[in-house]
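Work through the exercises below with the structure in view. Try each task before reading its solution.

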Amino acid sequence: MTAETSQIDYSEVGVTISEGFTACTKKKNLSKSSSRKKVSPKATCRKAGKKSSGKKKKKKKIEDVEIRLPFSPKVLSKRIEQYTSNSAKSVKRLRKDFDAAEDVHIETGNEEREQKETLETDEIQPKRNALNVQVHRMRHLNFRPRAILHMAATPFNADCGDYIAISREDGSVEIKSPDEKWRSLATIPGMSSKTVDVMTWVCGRCENKPRETTSLNYYSDFHKSHTENHKQRTLIGASKDGTIFTIDFSKGKLSAVTGSGGGGIFALSSLCGSECCKNTCNNLVAAGCEDGAIRIYKLRQLNTEQKLDLVSTIPHAGSSVLSLAWCKSSRPKNQGMDGSVMYAGIADGTIRRYECKATISRKLSKVQDEYFDGNQTWTSTVRMTVECFGRTTPTLVWALVALTDGTIISADSLGHIQFWDGKTGTMLQSFEHNDKKADVLSLAVTPDESKVFASGIDSRVICIEKPKLHNIRHGPEQWVITQAQRSHTHDVKAMCVYRAHDLIGSFTFSEKPEVMLCSGGVDTKICTYFVDDFKKQRPKIWFPWPTNSPISMAKSARILLLQRETSLELHMLAPKQTNIQQSIIYDEDKTFIGSLDIQSRHNIVCSDISMDGKYIVTSTGSTLLLFKVYFAVSSDGGTMDCSPVKILLDGEVKGPCFSVRFVSNNSFICVGMDDNIRLLKIQELGQSNEDDQTTNTETLEANITVSQNSLLNIQTETVNKMFPVHAIAVAEDGKQFATVRGGVGKGTVSIYRIEQDCMKHYWVLPALEAPVTSIAFLTGIRQEVVATCSNFATYVFSLRNRGLSQWSDNIGFPITPKLPVDLKKLPDFPFSILPHPKDRNKFILASFGAFSVVNTALSLPERCKIFPQRLRGKKRKLDEKGGKDNSSNPNCAICMRYSSMLYTDFISEQEMVVVEQPWLDVFAALPGALERKLFGT
């Protein structure tokens, strides 16, 4: 199978590229079995702006004529002559447009713009203090996100925000925060051979166990209550291989793994009530097994470890249990399971109702809680049969939801959503999701139980709700399909309802949080919907780009390292170009060096490459690996080849790690899953001849020594350990580094110093108004570190004074109200900070769809300059005072030239690399979707 690949584009630009030419490629025809792409020999070029935009131009008013830029000054002179006789005002407008389009770049200085050359010259002089660099634009690395299998939202609690746990097809599980623009706080890579098929949350609150408190400082009471409540919660998952386990993000692994004894587990249901977080939690979870039994487990805390104990078993139903729904007892002041009801969707096409009767009441019992949990008797009372419409195979019930009024909602394999009376077993209503009779796989219900959402193999998400005004004379209240949205292109496998306190990523408390719906499936992306305005507002799409970049770079060797689930790929950057007049296309085959396959049951967690490209360090979920790489250049000098050799590590240092980072060419830092930070120095005992090509099959013996004080334990009282370290930032001189964790409050960012191969904890950054997403050390002798938050709130700290720098102190704390409006409205968060290699006052905030240049020598503007200007959208409105917006300050200029950025960094003072992943390439690699008819004219 052959396919044309996206190519690499090099341009000399001023941060935002002003390209005269862009590369054109043919349509791609990718299949699932394709492992490598081939370069099309017929790549053509077209001049930017040549093709018509397809929009109708207005002819009545000359002022509304839109000029497509850039174009040569001679063409401009001809156009000026055409309109001179009609209106002098149009001439002034055209000259103004030409002044703005002479050179698309970002001004970062405070000097005035220089006068332009006359219209007769074709040269464009670069502006003073412009950030002009060569950009290596790479779009061919083929990063492939995986399909979503299941989504689970944390239990509703007014005192804290919601988290969403998402399991994917590669076995990984990640936890995302909707109040932080869907940033991933932690990820468990898992195993490619073991997927987490179902998940559920338990509150973890016990009567005799007080709420865990901490001495960490928080910006607000909401941040404190959110952290303390979430520490009580536990995520429980199950797999089709017949195991049930707890998902521990703080340790980065699956804990308390227990075999079901009944085959695969297809359904999980938490036996927690809606008010469980306010009272006590029984820590019970029900699992629907392949042998037809429903097993109930209790989560117990044993010192620092957790354990899942089987406490009760519901009798076998004869076929596999595909779905579960639990309804809490309606008896007043009943804290036990007595009187509760369980509904199960069975593979034989039936829905069973089970009632629980406890032999001993909790109120009267004086024995231990374990005895009470083991005395539960479940009895099958009602059986509901789902119609198969003449088919020989039974209808499969994929999803069940139980409402508090006794109504049961089912979704089946024939595309029906049916409403049942849970007490009598009679069907009340039935709705058809699609005309293809495609399976409905997921259901979601709002907290007030007024709306039900359903979707499945047909990606249409429908909303079924009760009418607000109902006349009793017209009979019982009926459900009605009101609206449908189709934001996904492939099967929707998971949906859940959550509450969003902050839609701009500031993580602030709201007395009336917005009720939202999220969905995910085969197309890997997440779509969110406003429940109250489901009819009017379009869903928002969150693309599956990783919070932690899977790419690292060896700047001296000009090599990129791409991390995949089970392999590492090496790609070469093109040599630096001089006197670039237009884009240069570079062959993809010349950039690919080689791939390093990791033979392990666990997926890769993290990786890094040394500056000289000599060493590669990576960690799986079970061990730390170190390789030495030998490079060989081909005779023509256009391509490279590599031979990696594994370096043996001692048992003390080869434990799995959350994050690794080189501080020099022969030493690196690793943050272990045991909460220890290690500084490892490479000292080779036997040097091999690098020209000897036989070293690729040999093992290079090396001694990795750990100095006396290079092992540092992270102190609990100064660090928030709710989530692991996901990023390490190293200073330019390699003598300081910082670690970043997910969460809020003091302790998410810690500063360390390296003195004579010894690490010392130096400082913990104070609590900010929003969670910190990235950190970097600025260049220069002032010893400053910059931290940015999920809402683009950016602070510069002085390490000497252990406080805010003069720039941040002049702006004030908090900085969020003073941020430019355009910066706060960006749809994503900054995942990286790039200090300018020469100017110590400048740094770049990079997000997935844009980056902003910040100059600490200037104040913050009210509005940002956006480049290219064609992406600015509508003309800015006048402010409340009637004046124009203040965009004369060039600080915080936003570049939106690139999109879907996975990595960006400076190679040198005049070079920069940007790695993008076009969404169309991801879409082309997806499997086929349900074929449906499209009607139109």
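**Exercise 1.** State how many helices and strands the protein chain has, and what share of its residues is buried.

*Solution.* Start with the secondary structure: this predicted model has 7 helices and 61 strands in its protein chain. Next, take the burial: 56% of the 937 residues count as buried. Last, look at the contacts between residues at least 6 apart in sequence: 59% of them join residues at least 24 apart.

**Exercise 2.** Classify the ring pair of Tyr163 and Phe723, and say where the two residues lie.

*Solution.* A pair of aromatic rings is described by the distance of the centres and the angle of the planes. The count for the chain is 20 aromatic pairs. For Tyr163 and Phe723, the ring centres are 5.8 Å apart and the planes stand at 75°. Planes over 60 degrees apart count as edge-to-face, so the pair of Tyr163 and Phe723 is edge-to-face. Now place the residues: Tyr163 is in the loop between strand E5 (148–153) and strand E6 (164–168), while Phe723 is in the loop between strand E46 (711–713) and strand E47 (725–730). The pair therefore ties together parts that are 560 residues apart in sequence. Finally, check the burial, for which the cut-off is under 20% relative accessible area. Tyr163 has 0% and is buried; Phe723 has 1% and is buried.

**Exercise 3.** Which residues form a cluster through ring pairs, and which charged residue lies over the face of Phe389?

*Solution.* The cluster consists of Tyr219, Trp763, Tyr795, Phe797 and Phe813. Over the face of Phe389 lies Lys437, 5.8 Å from the ring centre. In another case, the charged end of Arg897 is over the ring of Tyr898, at 5.9 Å from its centre.

**Exercise 4.** Is helix H3 (residues 221–230) mostly covered or mostly uncovered?

*Solution.* Count the buried residues: they make up 8 of the 10 in H3, and the helix is mostly covered. Among them are Phe222, His223 and Glu228. The buried residues of H3 pack against strand E7 (173–177) and strand E9 (198–202).

Methods
Residues numbered from 1 in each chain as written. Predicted model: local features only at pLDDT ≥ 70, side-chain atom pairs only at ≥ 80, totals over all residues. Heavy atoms only, no water. Helix = DSSP H or I, 4+ residues; strand = E, 2+ residues; numbered from the N terminus. Buried < 20%, exposed > 50% of the residue type's maximum accessible area, 1.4 Å probe, protein only. Contact = heavy atoms within 4.5 Å. Phe/Tyr/Trp six-rings, centres within 6.5 Å; stacked < 30°, edge-to-face > 60°. Lys NZ or Arg CZ within 6 Å of the ring centre and 35° of its normal.
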